[in-house]
Amino acid sequence: MKKQWVQVIRLAEQAFFTIIFSAHKRVGDRGVILPKRFNSKLKIRRFLQKFMTPCLANRVIGNLDLRRINGRLAIPVGDTIGAPPIVKSQVLSSGSRCATLAVWFAFDPSDRFFRVYQLKKLPNGRWIVVGRHPLDYPFNLPQDFLKRQIPCGEICTPWRRKVKTRKK
């Protein structure tokens, strides 16, 4: 099962770079035009939601720094080498419908970094990424974290964890 979870994480990370590498037509220093496959935020969101929740897809779209050039959607000009390879992973917790993995990424041994991923199994049997956090994410303080978190709207309601509060 661990290999399947790591593959889900790899696909989610590569989805971002699939969008970036699909852009080919450069317009000076203003940006690079995206192809028809990704010519609207809705199409990009639909593509990303194959691998992650709607809330996480919206955050990824924000990281793309999209802009309009001559009425067409574009990304900024920049150099990137792609998604960092996964060098190690460790299952922190797992169940029949949820899993939490710590993943080490590195382009070379001197620049390793960690991320913690939360995965959830959909009713159709596929796994998707629900959360992507730094290693110091407050997993043991869900009530406190949810109070500080800005609600992302109705689209993510099924993904939010229901927190029961005690009556005093």
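A: Let us begin with exposure: a residue is called buried when its relative accessible area is under 20%, exposed when that area is over 50%, and partly exposed in between. In this model, which is predicted, Asp65 has a relative accessible area of 41% and is therefore partly exposed.

Q: Which residue forms a salt bridge with Asp65?

A: A salt bridge is counted when a side-chain nitrogen of Lys or Arg lies within 4 Å of a carboxyl oxygen of Asp or Glu. Here the partner of Asp65 is Arg67, and their closest N and O atoms are 2.9 Å apart. Arg67 has a relative accessibility of 29%, so Arg67 counts as partly exposed.

Q: How many salt bridges does the structure hold?

A: There are three salt bridges. Another of them joins the side chains of Arg26 and Asp29, with 3.2 Å from N to O, and both of these residues are exposed.

Q: What parts of the chain does the pair of Glu13 and Arg132 tie together?

A: The side chains of Glu13 and Arg132 meet in a salt bridge, at 2.7 Å from N to O. Because Glu13 belongs to helix H1 (residues 2-22) and Arg132 to strand E8 (residues 127-133), the pair ties together parts that are 119 residues apart in sequence.

Q: Is Glu13 buried or exposed?

A: Glu13 counts as buried, because its relative accessibility is 12%, whereas Arg132, at 32% relative accessibility, counts as partly exposed.

Notes. Residues are numbered from 1 along each chain as its sequence is written. This is a predicted model: local features need pLDDT of at least 70, side-chain atom pairs count only at pLDDT 80 or more; totals for chains, interfaces and linings use all residues. Side-chain values use heavy atoms; hydrogens and water are left out. Helices (H or I, at least four residues) and strands (E, at least two) are DSSP runs, numbered from the N terminus. Buried means under 20% relative accessible area, exposed over 50%, partly exposed in between (1.4 Å probe, protein chains only).
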